[in-house]
Structures are given as C-alpha cells and as structure tokens.
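I opened my notebook to record what I looked up in this structure, entry by entry. I wanted to start with its pockets and then turn to the backbone.

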Amino acid sequence: MTNYNKPLIIGVSGASGLIYAVRALKYLLAADYEIELVASKSTYMVWQAEQETRMPSEPNQQEQFWREQAGVALAGKLRCHPWSDVGANIASGSFRTLGMIVIPCSMSTVAKLAVGLSSDLLERAADVHLKEGRKLVIVPRETPLSLIHLRNLTTLAETGVRVVPAIPAWYHNPQSIEDLVDFVVARALDQLDIDCIPIQRWQGR
C-alpha cells in the first residue's frame with residue numbers, strides 16, 4: 001500500500017470553527033484522498049449553534065451531509081463513523097493511515113489526549129496515533145489560553161503532536177474569510193506532507 005492510498009483520519013471535535021473541517025474536506029476530497037471521518041458528540045451541537053443546521057447521525061447520511069457542506073459530490077472517498085463506535089477500524093493500531101488531524105480541536109479533547117483518556121472514537125483514534133508514533137496534528141481554536149491549556153498542549157507537543165493553532169497570516173493578502181481559513185488548513189496539512197490547497201506561500205522579499 002502506497003502512502004497516497006492510505007486513508008487520512010479527520011477528527012472534528014466540539015470546538016467552534018467547523019468551517020476549518022469543511023474546507024479541509026473540500027480540498028482533500030477534490031484531490032482524491034481517502035478520508036475516515038469521526039465527529040464528536042459535541043459537534044452536533046456546534047453545527048446547530050453556528051449554522052442552525054442538523055448534522056445527521058447515520059453514517060451514510062452524514063457522509064452526504066459533509067460532502068454537501070464541502071461542495072464535493074463524488075471525488076475522493078469519505079467514510080463517516082459514529083462517535084460512539086469504539087470498535088471501528090480506526091480504533092486499532094493495525095489500521096494503517098497517513099496520519100490524523102483533529103480540526104478544530106477543543107481544549108477538552110486536548111486535555112483528554114494529554115492524559116491518555118479515550119471516552120469516544122475520536123479520542124481513541126488519536127490515542128492510537130500517539131501510541132503507534134504516527135503523525136497527529138491538532139488545530140486548537142480557543143482564546144485566551146489558560147495555564148492548564150498551555151500545559152496540556154506542551155505535553156502533546158513533547159510526544160510529537162504537531163500543534164497548529166487556528167491563527168491565519170496576512171502576508172498573502174486575504175480577500176475573504178475562506179482565504180484566512182484556507183491558510184490555516186494548508187499549514188496544518190503541511191505537517192502531514194499534504195499539499196493540495198492553492199495558497200500564496202511566502203517567497204521572500
């Protein structure tokens with residue numbers, strides 16, 4: 001199995017900023033990646049709060065839901081998992097992946113990963129990547145950060161987790177919210193050696 005044919009796991013936690021997950025899916029699916037997606041229980045409430053939209057719980061309906069949000073009907077492969085299905089393929093270290101990205105990543109998820117707790121499939125899949133020494137990227141979206149947050153993030157960074165805060169740059173002359181979001185998503189995917197987002201990268205003066 002080549003690296004490109006291995007699936008990428010996307011975890012969507014209950015943090016604000018679901019647009020980050022949607023834009024990541026948009027580009028990854030359009031680039032024909034295979035995605036295994038798991039959204040936490042809290043994500044359902046965030047969809048309702050941010051978009052007044054109900055995310056379905058049934059996997060096939062959820063796949064269609066995410067594709068509609070991303071605007072990619074057919075390209076790539078997408079498989080959605082219920083948050084409670086801790087017996088899913090992505091819960092096992094024997095399931096090979098390109099890595100995992102949690103986008104956006106709540107401070108609750110950060111805290112549980114930092115102390116090795118796995119109360120749902122998202123956390124279990126991330127914990128598997130930690131124990132197997134695989135690439136794990138988190139995109140925290142919280143401000144301000146408390147000392148507890150910072151210590152938990154430091155613990156994860158010390159284990160090799162790549163921490164990419166949802167902080168956009170401005171040197172690429174963004175013209176829209178999507179431009180700002182895409183910059184963050186591109187930098188997060190850079191940590192997995194994935195380059196599928198057409199952003200203006202710094203070329204020097």
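Entry on the model. I noted before anything else that this is a predicted model.

I looked up the largest pocket and found a volume of about 160 Å³. I then listed its lining, which has 14 residues, and wrote down that Ser 40, Ser 42, Thr 109, Asp 120 and Glu 123 are the closest to its centre. I also asked which elements give two or more residues to this lining, and they are helix H2 (41-51), helix H4 (107-115) and helix H5 (121-132). The largest share, three residues, comes from H4. When I sorted the lining by class, I had two nonpolar, eight polar and four charged residues.

Entry on peptide bonds. I found a cis peptide bond that joins Ile 103 and Pro 104, with omega about -10°, and I placed Pro 104 in strand E4 (residues 99-105). I found that the bond from Thr 143 to Pro 144 is also cis, with omega near -10°, while Pro 144 lies in the loop between strand E5 (136-140) and helix H6 (147-158).

Entry on phi angles. I looked up Asp 32, whose phi is near 70°, a positive value in a residue other than glycine, and I located Asp 32 in the loop between helix H1 (18-30) and strand E2 (34-39). For Asp 193 I read a positive phi near 60°, and I placed Asp 193 in the segment after helix H7 (177-190).

Entry on exposure. Is Asp 193 buried or exposed? I recorded Asp 193 as exposed because its relative accessibility is 63%, and exposed means over 50%.

Conventions. Residues are numbered from 1 along each chain as its sequence is written. This is a predicted model: local features need pLDDT of at least 70, side-chain atom pairs count only at pLDDT 80 or more; totals for chains, interfaces and linings use all residues. Side-chain values use heavy atoms; hydrogens and water are left out. On a 1 Å grid over the protein atoms alone, a cavity is a set of points where a 1.4 Å probe fits but cannot get out, and a pocket is an open set with protein on both sides within 12 Å along at least five of seven lines; lining residues have an atom within 4 Å of a point. Grid points are joined across faces, edges and corners, and a volume is the space filled by probe spheres set on the points. Helices (H or I, at least four residues) and strands (E, at least two) are DSSP runs, numbered from the N terminus. Ala, Val, Leu, Ile, Met, Phe, Trp, Tyr, Cys and Pro count as nonpolar, Asp, Glu, Lys and Arg as charged, and the others, Gly among them, as polar. Buried means under 20% relative accessible area, exposed over 50%, partly exposed in between (1.4 Å probe, protein chains only).
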